[in-house]
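Trainee: I have a new model open and would like to be walked through it. Could we look at it together?

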Amino acid sequence: MQAPPPPPGYAPPPPTAGRFYQPSRGGGRIPEGWRESSKGGVSINGLAPVKTPLSEVFDGKLPPDERWTPADCLAACGGAKVGLLIDLTNTSRYYDASRLPREVRYLKLSTEGHMLPSEKNIERVRHACAARSRHTFLF
């Protein structure tokens, strides 16, 4: 299956776009509702919605059984089968995307909490998924 053409005006981000990390000292606070949310990770037609992983800087605030690092997330969702991670959070403080395996494309689409992504960002997701149709994608 051939990927659809990109939407007008679409320019793919450079390979390192969004790969910066600004943690709070000591990891900052755990996101509201994070502990109550399921980890997710079950692939549905190649898409695996997951809760936001938290880097190891948050470990001191979580018991071992509640930790959910980017490495845990990728392993739970298929390991090497994961080709794209789409981050919908409106911050970069939860984990360092530059530490993801180079085989995993990272797409940062800042979205206000509890809101739907913009139409522009939905188009970016569609295009990114179509371009990598044989992989598992994480949201």
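Mentor: What follows covers the overall fold, a pair of strands, the aromatic pairs, a helix and the pockets.

Mentor: This is a predicted model, in which local features need pLDDT of at least 70, side-chain atom pairs count only at pLDDT 80 or more, and totals for chains, interfaces and linings use all residues. Residues are numbered from 1 along each chain as its sequence is written, and side-chain values use heavy atoms, with hydrogens and water left out.

Trainee: How many helices and strands are there in the protein?

Mentor: The protein has two helices and four strands. These are DSSP runs numbered from the N terminus, with at least four residues (H or I) for a helix and at least two (E) for a strand. Along the sequence, the pattern reads β-α-β-β-α-β.

Trainee: What percentage of the residues is buried?

Mentor: Of the 139 residues, 40% are buried. Buried means under 20% relative accessible area, exposed means over 50%, and partly exposed lies in between, using a 1.4 Å probe and protein chains only.

Trainee: How do strand 2 and strand 3 run?

Mentor: They run parallel, joined by four bridges. Two strands pair if DSSP finds at least two bridges between them. One of the contacts is between Asp87 and its bridge partner Lys108 in strand 3.

Trainee: Which way do the residues of strand 3 point?

Mentor: In strand 3 (residues 105-108), Arg105 and Leu107 point one way, while Tyr106 and Lys108 point the other way; all are buried. In a regular strand, side chains alternate between the two faces of the sheet.

Trainee: Changing topic, how many aromatic pairs does the structure hold?

Mentor: It holds two aromatic pairs. Rings of Phe, Tyr and Trp (its six-membered ring) pair if their centres lie within 6.5 Å; planes under 30 degrees apart count as stacked, over 60 as edge-to-face and the rest as tilted. Phe58 and Tyr94 form a tilted pair, 6.3 Å centre to centre with 50 degrees between the planes. This pair links distant parts of the chain, 36 residues apart: Phe58 is in the loop between strand 1 (47-48) and helix 1 (70-76), and Tyr94 is in the loop between strand 2 and strand 3.

Trainee: Why does Tyr94 count as buried?

Mentor: Tyr94 counts as buried because its relative accessibility is 11%. Phe58 is buried too, with a relative accessible area of 0%.

Trainee: And why is the pair of Tyr95 and Tyr106 called edge-to-face?

Mentor: The planes of Tyr95 and Tyr106 stand at 90 degrees, with ring centres 6.3 Å apart, so the pair is edge-to-face. Tyr95 lies in the loop between strand 2 and strand 3 and Tyr106 in strand 3, 11 residues apart.

Trainee: How far does helix 2 reach?

Mentor: Helix 2 (residues 119-131) has 13 residues and reaches 18 Å from its first C-alpha to its last, close to the 18 Å expected at 1.5 Å a residue. The expected span is 1.5 Å times one less than the number of residues. Its buried residues include Asn121, Arg124 and His127.

Trainee: Which residues lie nearest the centre of the largest pocket?

Mentor: Thr52, Leu88, Thr89, Gly113 and His114 lie nearest its centre, among 29 lining residues. A pocket is an open set of points on a 1 Å grid over the protein atoms alone, where a 1.4 Å probe fits, with protein on both sides within 12 Å along at least five of seven lines; lining residues have an atom within 4 Å of a point. The largest share of the lining, three residues, comes from strand 2 (residues 82-87).
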